[in-house]
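This report describes one protein chain for a reader who has not seen it before. It begins with the chain as a whole and then turns to single residues.

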Amino acid sequence: MKALVTGATSGIGQSIARKLAKRGWDLILTGRNEEMLKEMQKTLGKGTEIITADLAKREEVFRVYEFCKGKDVDMLVNNAGYGLFGKFDDTDMTDELNMIDLNVTALHILTKLFLRDFKKKDYGTILNVASAAGFMAGPLMATYYATKNYVLKLSIAIYEELRRDKSNVTITVLCPGPVATNFNNRAGVSFSVKPINADYAAEYALHKAFTGKLFAIPGLTVRLGTVAARFVPTKILSAIVYNIQQAKKSSDGKERALKK
Ligand SMILES: NC(=O)c1ccc[n+]([C@@H]2O[C@H](COP(=O)([O-])OP(=O)(O)OC[C@H]3O[C@@H](n4cnc5c(N)ncnc54)[C@H](OP(=O)(O)O)[C@@H]3O)[C@@H](O)[C@H]2O)c1
């Protein structure tokens, strides 16, 4: 069994890769940090291949797919992604467009290409990493929340198509709340609630993926939050999310928010 894991150099992706290796999976790991990929390859052994790529660049996404072609990949883990804090009119345009290219476009391309391959052999698993943010609008992280809404809704729709086809291919969408990784540094925020750890999120996601479940929402509080979000009027929910995001603002975040 072989899995492609994007964003395998850190955080949730790194934990997923390690846990798959422990279960005996061969791996293709990708990220931009070549040194870390080599380190992962060294620790995980000869069943691990690596490919350095910037998935915010469309041609690099196709290059990763070409690298995987003919290698009989059984699982795609679309994990690479980042967030950006700030008012929509303040956040850096290029950074934000890169985020959309990574969080949305790269995931879209890989999901479509691998889904086609998996459907041909009527076997395979896709694990898309969205976020609890996918269930709501996110003032002060508007674009990030919107990208995760895309990932969540795309995955739900594909799940239903596969169900109607009685396909053996499965899709699972991981929707965590705060997880202790590099995410916050990159996004320019600090935690307002206690985060779960990446290993727990990874184990939970793999359990749901291997049992063919659509949703993987680790942590009871977050699970209840996503259910409650469905019953709160949109404007009130947005006001609550604004306050939560405001509380997460770090000094780093302030700087980034002011950068044009
Ligand atoms: N941490 C949280 O609180 C949280 C909550 C909900 C959802 N998530 C989601 O979980 C996923 C993983 O994030 P994380 O929390 O584990 O954060 P992380 O520790 O910062 O990891 C992000 C990963 O994405 C990769 N990446 C970033 N930009 C890339 C690019 N342009 N091309 C290729 N790879 C790129 C990074 O690798 P390189 O730097 O080597 O490129 C890294 O391996 C993301 O999709 C995030 O939105 C996180």
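## Overall fold

Counting contacts in the protein chain between residues at least 6 apart in sequence, 65% join residues at least 24 apart, where contact means heavy atoms within 4.5 Å. The model is a predicted one, in which local features need pLDDT of at least 70 and side-chain atom pairs count only at pLDDT 80 or more, while totals for chains, interfaces and linings use all residues. Residue numbers start from 1 along each chain as its sequence is written, and side-chain values use heavy atoms, with hydrogens and water left out.

The protein chain holds ten helices and nine strands; these are DSSP runs numbered from the N terminus, helices being H or I with at least four residues and strands being E with at least two. Its radius of gyration is 18 Å, close to the 18 Å that the globule rule gives for 260 residues, so the protein chain is as compact as a globular protein of that length. The radius is taken over C-alpha atoms, and the rule is 2.2 Å times the number of residues to the power 0.38. The C-alpha trace spans about 45 × 40 × 30 Å along its principal axes.

Of the 260 residues, 51% count as buried (buried is under 20% relative accessible area, exposed over 50%, partly exposed in between, with a 1.4 Å probe and protein chains only).

## A buried threonine

Thr 172 lies in strand S6, residues 169-174. The residue is buried, at a relative accessible area of 0%. Its side chain reaches the backbone oxygen of Lys 213 at 2.6 Å. Leaving aside residues up to four places away in sequence, Thr 172 touches several others, among them Ile 126, Leu 127, Asn 128 and Leu 214.

Most residues other than glycine have a negative phi. Asp 72 has a positive phi of about 50° although it is not a glycine, and the phi of Leu 140, also not a glycine, is positive and near 80°. Where in the chain is Asp 72 found? Asp 72 sits in the loop between helix H3 (58-68) and strand S4 (75-78). Leu 140 belongs to the loop between strand S5 (124-129) and helix H5 (142-164). The table lists the accessibility of each.

| Residue | Relative accessibility | Class |
|---|---|---|
| Asp 72 | 52% | exposed |
| Leu 140 | 7% | buried |

Conventions
A polar contact is a pair of N or O atoms within 3.5 Å; within protein, one must be able to donate a hydrogen and the other to accept it, and residues adjacent in sequence count only if both atoms are side-chain atoms.
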